[in-house]
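Dear colleague,

I am passing on to you the structure shown below, together with a summary of what was found in it. Please read the notes alongside the coordinates.

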Amino acid sequence: MRAAVVETPGGLERLRLEDVAEPAVGPGQVLIDVVRAACNWGDIQKRQGIYPDPIPYPSVLGGEVTGFVRACGRGVSALREGQAVSAITGPAMLGGFADMVVVPEKYVIPLPPGMDGRMAAAFPVVALTAYHLLYTAHRVRKGETILVHAIGGGVGLALTQLATAAGARVIGTVGSPAKTEIPLKFGAARVIARDKEDFVEVALAETGGRGVDLVIDSLGSDILRRSFDALRTYGRVINIGEAAGDPHFDIRKKLYERSTSLAGFELLHAVPGSQKWRRGLRHVIEAIEARRLTIPVAAEFPLAEIRAAQACLESRGTVGKVLIAVNP
């Protein structure tokens, strides 16, 4: 079968489409015929060799897929052959940029009848991340103001929709003015182009000088440091990535300026298969079916153009998800 393999970490040239052996399904596992996969920032980090968790090389990238169950391993009872599913591919989040992938049963998401195939590929990581940021890592409240960096990305747009549905007010930042319009259409109250405006000044102006209740930061670098200046006293930053680079500042000193707090976030700590995980799935699938939540697709590439897909995402010019059409 075909698979997008990284032999050793590095640039786009290290990502190659190869013929590899078909995976064998083991106990408690499900073999999925992949129709589409989603390209996420974590895939780029794994290709570059800078992903926070250890990654074995050579590796097949791709942590998020949709398709049909091809076979079920011993002990799998809740799924059936031919069933339409989406999946996060497991703790290492590897293997989805391929014709087939084996996934632990608890990471498989049965799909409701009639869900659009592109939505099925686009929603799992971003929608569940947004849900658990708002309802597990935080407790979203009506009337809160939330600042979301990179609000034009998949997670940012999902956060915007779920937070506004809960009665919060969302403002956000983007890298350039060209990306300001779409988040407004998805419910953002204000979108700040970081190359044109100071997001701290805008956040304080938008809250009457009080500061925002929560910042969701996926960028790191100096943006993380300055996010504390946009917070109210006792406000909180949740960091979910360092797409703009590693931050370098005295975090402890920054926390004491207004008794603020900093948290990290990892989606799989919500424990796939747990009651908490199932509650999140119900929430986001119901929101999708009720049209309160949609994940726009910025671009779709065939598997043979996996390098172009990653280059598209790396450009940071996209709004929404980048998909890989494996066997559409």
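In what order do the three strands of the open sheet lie, and is the pairing parallel or antiparallel? The model, which is a predicted one, gives the order 2-1-4 with antiparallel pairing. Strand 2 (15–19) and strand 4 (59–60) are the edge strands, each pairing on one side only. Strand 1 (residues 2–6) runs antiparallel to strand 4 and is joined to it by two bridges. Val5 has Val60 of strand 4 as its bridge partner.

The loop between helix 1 and strand 4 contains Pro58. The peptide bond leading from Tyr57 into Pro58 is cis, with omega near 5°. Ser221 is not a glycine, yet it has a positive phi of about 50°. As background to both features, most residues other than glycine have a negative phi, and most peptide bonds are trans.

The model also holds an open sheet of six strands, ordered 11-10-9-12-13-14 and paired in parallel. Its edges are strand 11 (190–193) and strand 14; each has a single partner strand, so one side of each has no neighbour in the sheet. From one strand to the next, the twist averages 20°.

Strand 12 (residues 212–217) pairs with strand 13 in the parallel sense through five bridges, and Val212 has Leu231 of strand 13 as its bridge partner. Strand 13 (residues 231–239) also runs parallel to strand 14 (residues 261–264), with four bridges joining the two. Here the bridge partner of Ile238 is Ala263 in strand 14. Between strand 13 and strand 14 the chain passes through helix 7 (residues 251–257), and this β-α-β crossover is right-handed.

I turn next to the helix contacts. Two packed helices are described by the angle between their axes and the distance between the axes.

Helix 1 (residues 41–48) and helix 9 (residues 306–314) have axes that come within 10 Å and cross at roughly 110°. At that angle, helix 1 is roughly perpendicular to helix 9. Their crossing is left-handed. Helix 1 contributes Trp41, Asp43, Ile44, Arg47 and Gln48 to the contact, while helix 9 contributes Gln310, Leu313 and Glu314. By class, the residues of this contact of helix 1 with helix 9 are three nonpolar, two polar and three charged.

How are helix 2 (residues 117–135) and helix 8 (residues 275–289) packed, and at what angle? Their axes are 9 Å apart and the angle is about 120°, so helix 2 and helix 8 are oblique to each other. The crossing of helix 2 and helix 8 is right-handed. On the helix 2 side, the contact involves Met119, Phe123, Ala127, Leu128, Tyr131, His132 and Tyr135. On the helix 8 side, the residues are Lys276, Trp277, Arg279, Gly280, Leu281, His283, Val284, Ile285 and Ile288. The contact of helix 2 with helix 8 divides into eleven nonpolar, three polar and two charged residues.

With kind regards

Definitions and conventions:
Residues are numbered from 1 along each chain as its sequence is written. This is a predicted model: local features need pLDDT of at least 70, side-chain atom pairs count only at pLDDT 80 or more; totals for chains, interfaces and linings use all residues. Side-chain values use heavy atoms; hydrogens and water are left out. Axes are lines fitted to C-alpha atoms, for helices over the stretch in contact, and angles run from 0 to 180 degrees between N-to-C directions. Angles under 35 degrees count as roughly parallel, over 145 as roughly antiparallel, 65 to 115 as roughly perpendicular and the rest as oblique. A crossing is left-handed if the near helix is turned anticlockwise from the far one by less than a right angle, and right-handed if clockwise. Contact means heavy atoms within 4.5 Å. Ala, Val, Leu, Ile, Met, Phe, Trp, Tyr, Cys and Pro count as nonpolar, Asp, Glu, Lys and Arg as charged, and the others, Gly among them, as polar. Two strands pair if DSSP finds at least two bridges between them. A crossover is right-handed if, with the strands pointing away from the viewer, the path from the first strand over the helix to the second runs clockwise.
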